[in-house]
Amino acid sequence: MTGLIAFREIVLKVHSRCDLACDHCYVYEHADQSWRARPKVISPEVISHTASRLAEHARDHALPSVTVILHGGEPLLAGPARLRLVCEEFTRALDGIAELDLRIHTNGLQLSTRYLDLFDEYGVRVGISLDGDRAANDRHRRFADGRTSHPLVLAAVALLRSEPYRHLYQGLLCTVDVANDPVAVLDALVELEPPRVDFLLPHATWETPPARPDGAPDAYARWLLRIFDHWDRLGRPVPVRLFESLLSTLRGGPSLTESLGLAPTDLVVVETDGTLEQVDSLKSAFEGAAATGFNVFDHAFDQVAAHPGVRARQLGLAGVSESCRRCPVVRSCGGGLYTHRYRDRNGFDNPSVYCTDLRELVDGVEGRTASRETAPQLTDPAELARSQEELTRILLARLHADLADDPGWARAWELLAAVERAGEAGADALDAVLDHPFTRTWVLAALDAARDGRQDVPEAARRLTALAAAAVLRGGLDLPAEVAYRDGEVYLPTLGLLRLGEPGTEGRAALHVTAGGYAVRDGRAEHRFGPTAGDARWQPVRTWSPGPDAAPVALEDLDPYRNCFPRPPRLRLGAGEAEEWRGRLDRAWALLHKAVPEFARAAATGLTTLTPLAGGPRAGGWGEAGRHGPGALGVPYAAGVRETALALLTGRRRTRLRALTEVADLYALDGQWQHRSPWRERPVPVSRLLADVHERVAVEAYRRATATPEPGGSDRIHRALDRLSEAAELTVTGKRLVAELRYELKTVDA
């Protein structure tokens, strides 16, 4: 069947009874009482058929791994012999098909070395239910005669923590009760050094709402936030899945638990009689809520995956209620656990019965962590530059892994390594050539070619050789720098273009540093070139300064990889054309500093390379951001002063936002959110709306300062910012950026 989401997790009920009488248990105390008619212990036939069905499912969907959780009731009541059969059958069935992750969740009362020796043999990890200290645990987890279970659970945990079983310790599951002391609960759990703690909201629906002793709609949020604060003060000594899931989604990452987030469910339950059911918590809603009508004897898992109830929990944003879809925290809370949405009159098409709690919890965690979770690249240009430098090196290392066997590439790579080892001068020179924006363009193009099977290895090696040679020359290093040229010329990144022969010729030439610049030896002849040599065969990269205190900017009209903008670049400018363009840039920059000085200073930060593009300005005169590293900008050569100023401003805004999105998560890309844009006919994704606002704030400032305001421009930006403020897919860093844009617009409106 197409469009199905495969089951990667199986809950296998190996025993349907329990040795405790917990009054908050969804299996025995809630609406669905189907356990009464089921066998106490899973049969060998059910085990065998389930293992075969799972192997079939894993093979059909090419699953790399599957998880089987032994559950109940109390699974240890099945006894070691039956549990061994489970381990043997699933291990045999999955052998050679998928990796098997076996787990068991137990109250721990029966845990002993005979079980743990079995679990050690098959790698079965053990999770234990414990609600905290003795007072908290004894509120619910008691024997039928009222006796405490706490000492026996602690003994089980102590055994699990001991050698040689410690590696089987998976974690502790704690059901929340707001009547308990949250600090005492966390301290008691942390003391047991669990690899992970799960906090579980008591299963409840709108028909059977959770207990709220003080009547407050956010009691559970306040309790959990006290846990969070204490956990944070302690230095987060153990992972807490609930909190880590929220922190992950607030950063733009995935949900880490079924009870939160919009990730589709991939779990199916197998009862002791072989009945296939939906997630077990649905038993809290109504009799038969978890039923599918299928079983392991007659039905494949794909048939369960196609069940309407299962598909309803795989719809992501479309699967939550309308009010949830409009909520800015829906990506983190996901509308809450599906079970908790149930109401008699309309089923599960509701927010969670814990809706207020979840909103307060998400907002509370975000408010407490936003400053720490905000990517430093947003507020620190130096950190953004460092991250971009590291990204280029990571990409180059990935390319090296593809091409390391080529002799030409290997020689050039060795020379780069020698440059890096040559002290501070070498390191600075290497940084300069690797941080050249079009180095990134070349690396990305080469990686694309390698992925598509059309890699030109000699061309890649030539470029790397030229990079290494340029670093040697820039650093003034006494290292052998041999370049390979084609069509009679070689481009040395950041330095210039050297002609070594007639068009159509190929060869190799040795370069070295001289007192007055550089020299090339081709055969027996040596020719000097460089800043002072005056060799007609040498075309240096020209520069321009955007101000007396600014670093020079390269006017890059030589690099063959500058062809990375939406429109083609100009060919090499003549001397007169270059001077004319410098003058136009001077006047445009002066206009920016006079009209919008703060925006102009921000635009100058990190600008290293300007490339003249063919043609005049497009509508609006906006600059061009291409596929390159940070610092580059394409500007229409034939644009006038005002259009050039606007191109510099908007182009730098575009390149800054692009650089940010490459190294920091501003929004999640795992949903189908669309937003109405004041500037476009159709709804757009948040990335487009954010980019529009990011540019138009600066454009609005420029137009007002130059007496060319756009009617209603500020109002449209305000509306777009309001929509962004409610966008569920924005991360904490994205929200911080929106706040900065709102502040910028406020200064414009003032």
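Across which strands does helix H22 lie? In this predicted model, helix H22, spanning residues 641-663, lies across E19 and E20. Its direction is at about 150° to that of E20. This arrangement is a handy way into the sheet to which the two strands belong, and the sheet is described next.

The sheet is open and has four strands, in the order E17-E18-E19-E20, with mixed pairing. Strand E17 (542-544) and strand E20 (632-636) stand at its edges; each has a single partner strand, so one side of each is left without a neighbour in the sheet. On average, and with direction ignored, neighbouring strands are turned by 35° against each other. For a closer look at one pairing, strand E19 (residues 609-613) and E20 run parallel and are joined by five bridges. Within this pairing, Pro 612 has Val 635 of E20 as its bridge partner. A further helix, H20 (residues 575-595), lies across E17, strand E18 (553-555), E19 and E20. The angle between H20 and E17 is about 20°.

In one of them, helix H3 (residues 79-94) packs with helix H4 (residues 113-122) at an angle of about 5°, and the axes are 10 Å apart. With angles under 35 degrees counted as roughly parallel, H3 and H4 are therefore roughly parallel to each other. On the H3 side, the contact is formed by Gly 79, Pro 80, Leu 83, Arg 84, Cys 87, Glu 88 and Thr 91. These meet Arg 114, Tyr 115, Leu 118, Phe 119, Glu 121 and Tyr 122 in H4. Sorted by class, the residues of this contact comprise seven nonpolar, two polar and four charged.

The other pair consists of helix H18 (residues 437-451) and helix H19 (residues 457-475), whose axes come within 11 Å and cross at roughly 160°. Since angles over 145 degrees count as roughly antiparallel, H18 is roughly antiparallel to H19. The crossing of these helices, H18 and H19, is left-handed. Here H18 contributes Phe 438, Thr 439 and Trp 442, which meet Ala 460, Arg 463, Leu 464 and Leu 467 in H19. The contact of H18 with H19 has five nonpolar residues, one polar residue and one charged residue.

Note on methods: Residues are numbered from 1 along each chain as its sequence is written. This is a predicted model: local features need pLDDT of at least 70, side-chain atom pairs count only at pLDDT 80 or more; totals for chains, interfaces and linings use all residues. Side-chain values use heavy atoms; hydrogens and water are left out. Axes are lines fitted to C-alpha atoms, for helices over the stretch in contact, and angles run from 0 to 180 degrees between N-to-C directions. Angles under 35 degrees count as roughly parallel, over 145 as roughly antiparallel, 65 to 115 as roughly perpendicular and the rest as oblique. Contact means heavy atoms within 4.5 Å. Ala, Val, Leu, Ile, Met, Phe, Trp, Tyr, Cys and Pro count as nonpolar, Asp, Glu, Lys and Arg as charged, and the others, Gly among them, as polar. A crossing is left-handed if the near helix is turned anticlockwise from the far one by less than a right angle, and right-handed if clockwise. Two strands pair if DSSP finds at least two bridges between them.
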